[in-house]
Amino acid sequence: MVQTTASNLNNFSNHLIASVEDLKVYFHSKEGLTHSVDGVSFDIIDGEIMGLVGETGCGKSVTARSFMQLVQTPPGVIAGGKIRFKSKKTGNQIVDLLSLTENQIRELRGERIAMIFQDPGKALNPGLTIRTQIAEVFQEHREDDVFKKAKIDYVHKNFIGAILQKYIKQRTNLIIKLMLLVPPIRAYKKKLDKAIDKLVIEALAETQIPNPEKVMERYPHELSGGMKQRVMIAQAIACNPDLLIADEPTTALDVIVQARILELIQELQKRHKTSVLYISHDLSLVRKICDRVAVMFAGKIVESGDSDTIFKNPVHPYTKGLIKASFMTHERGKLEEIEGIEAT
Amino acid sequence: MQIRDYIIRRLMILPFLIIGTSIIVFALTRIGGSPIGIYLSHEMSPAEVQEMKERFHLDKPVPIQYFYWIKGVAQGDLGWSGVASAPVIDVFPKKFAATMELAIAAGIVAVSLGIAMGTFAGARRNKFADHVIRIISVSGASMPLFWFSILLLIVFWVWLGWFPIGRSDPNLFEAIAHPTGFYTIDALLAGNWDAFKDAVWHLIMPAVALGYGATAIIARMMRSSLIEELQEDYIDAAKAKGLPKNVVLKKHARRNALVPTVTVIGLTFGFLLQGTVVAEIIFRWPGLGRWMAAAVLRGDQATIMTYVMFTSILFLIVNLIVDVVYANLDRRVELGD
């Protein structure tokens, strides 16, 4: 499998970070097979913000989730296509995200590809503190950093190191939990906890959250929507990923907070040179922040290119309609309609 | 509100609740008529009956009788049990310990098995394991306790002879002291391994029989609430962080799925206490349930009132525990009002 993909990956240009090729995702429903994403292809250039625009239900979220194999199968079926991704950390190795095994994709999730979800109120676990939730990213992917920060240098080397490693990676069972209570090991555990605290505080400070030390002890319901989204962003960029997928990150927020979150994403993107796939149904917003745009309609990309060009000279009637609808340049109260495509 | 403050506040209200309960219990028991019957015999003359009534203050109005009863309870006099032919206070603690041991063992079976089965099934929705667990739990919820108990008895006592009935081997019982009345704990305190093994061995069959129904209910609840939690966005977010399936399931989904399950667990405790009556009779367990059944049949009101009072207090305490656990699991719950 890996070899066949490798030979097919030759035509991957150097300046790309990811490339979607003829992606097809179908869903089994009561009415039969729904072609949710039906042959989508687009590229994401390294370091750019790529916009994916379309109305609700056109398949943009499913496309985004396919990057991380987060589409539930069943009812979903990945019917075909490739998502090639260049992992900069592992020597620009190019992989097909769709054909990776569970463990392989897990190594990329949160580490090389991260995602910001639409509704931060739902995407944070209500039962865990902010600290616990951000800490997980470091615990899973930055084990060495945690040990380094705690100034403990014997990972893997002996019994205690093995226990501490299990603790960091959250692979504990009852016996290990009991052993963590033994005084010398407990002292190490406390050091590690402090180190994790520091990493979490740094990550929160990155997103300009005031008082990160206090915020991290809170539960999600104690924070405002904007704060929650900052926490989500902190969590997503914790490992400085190559690709950040933002799935309508401002839709659930009110207008003023939206603007601040957008600024934050833009600023972080510039500072870390992260590539961003920005998904939205809001054209004016996408125009503001994206370098290039792909317009999606009924599971297909109908138009794509430089964002300014598309806004000035839309070719496809759907894009035209979208632009007109978003700027309301025509008489008020009349929405542009186009003939729909029957989903098959 | 702080959890500690909340517990203190609830404990402060507890005495008032108990007084209220005692009035209700007293009034309801009196619906069964005067409790004098159990103390009389056919040979007594009317004068003797009258004397008996006066001795127990039963010639006074009912509200006054209540105060005599409460006064006695406050002094540690719970009345005379006609069924046991002894003061209730002498018999009650041992029987109470026996019943609690059984109910707690059944509770442990139900909670641990129920949560484990529910989680296992919920994570494997509509797979083979889920169907098997469904069959087990549906039959658990629908089989009457007395019938299931008798089945166990026939198979494991009569046919296979794996498990004994009763509460312990008489010789081993004599071998150790019984400070707590919980035989398993007594055996551990005495350091007598054989006695402990014997106590556990006797406990298994009635505990499984009694706990099966509750296991089924908890498992069904756990399964459905886990499936619901697994659909939530935060599960995808947790996966997107690169966490392995097991961590996502146990740390993220199960924790939140426990919230509704804990409420059900609190409710099943009452179910277990009721069940002890049947289980004790069938497995010859010398606990409150058996005593209670005899007391109801013979109108032994002192015993009935004590039993109902104690189970009510237990219920109040279990409720408090459930509330605290609930608030610990779901931080959005505000303790207090």
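**View 1. The contact between chain A and chain B.** In this predicted model, 25 residues of chain A are in contact with 21 residues of chain B. On the chain B side, helix H10 (233-240) and helix H11 (245-282) each supply at least two residues. H10(B) gives the most to this side, with 7 residues. By class, the side of chain B that touches chain A has 10 charged, 8 nonpolar and 3 polar residues.

**View 2. The two domains of chain A.** The domain assignment divides chain A into domain 1 (2-124 + 219-327) and domain 2 (130-215). The centres of domain 1 and domain 2 of chain A, taken over C-alpha atoms, are 31 Å apart. Their contact takes 14 residues from domain 2 of chain A and 13 residues from domain 1 of chain A. On the domain 1 side, helix H11 (residues 225-237) of chain A gives the most, with 7 residues. The side of domain 1 of chain A that touches domain 2 of chain A has 9 nonpolar, 2 polar and 2 charged residues.

**View 3. The largest nonpolar core.** This core holds 169 residues, of which A:Leu277 and B:Ile218 touch the most other members. Helix H9 (residues 193-230) of chain B contributes the largest share, 19 residues. The core lies between domain 1 (2-124 + 219-327) and domain 2 (130-215) of chain A, because both give residues to it.

**View 4. The surroundings of A:Leu277.** Leaving aside residues up to four places away in sequence, A:Leu277 touches A:Ile44, A:Met50, A:Leu52, A:Ala64, A:Leu243 and A:Ile245. A:Leu243 is also the bridge partner, in E7(A), of A:Ile113.

**View 5. The open sheet of chain A.** In chain A, 6 strands form an open sheet with mixed pairing, in the order E6-E7-E8-E3-E9-E10. Strand E6 (113-116) and strand E10 (300-306) of chain A stand at the edges; each has a single partner strand, so one side of each is left without a neighbour in the sheet. From one strand to the next, the twist averages 15 degrees.

View 6. E6(A) pairs with strand E7 (residues 243-247) of chain A in the parallel sense, over 4 bridges. Strands of a sheet pair through backbone hydrogen bonds. Within this pair, A:Ile113 has A:Leu243 in E7(A) as its bridge partner. H11(A) lies across E6 and E7 of chain A and runs at about 175 degrees to E6(A).

Key: Residues numbered from 1 in each chain as written. Chains lettered and ligands numbered in written order. Predicted model: local features only at pLDDT ≥ 70, side-chain atom pairs only at ≥ 80, totals over all residues. Contact = placed C-beta atoms within 7 Å. Nonpolar A, V, L, I, M, F, W, Y, C, P; charged D, E, K, R; others polar. Domains from an automatic or database assignment. Core = buried A, V, L, I, M, F, W, Y, C linked by C-beta atoms within 7 Å. Buried ≥ 20, exposed ≤ 12 C-beta atoms within 10 Å, placed from the backbone. Pairing = 2+ DSSP bridges. Axes fitted to C-alpha atoms, helices over the stretch in contact; angles between N-to-C directions.
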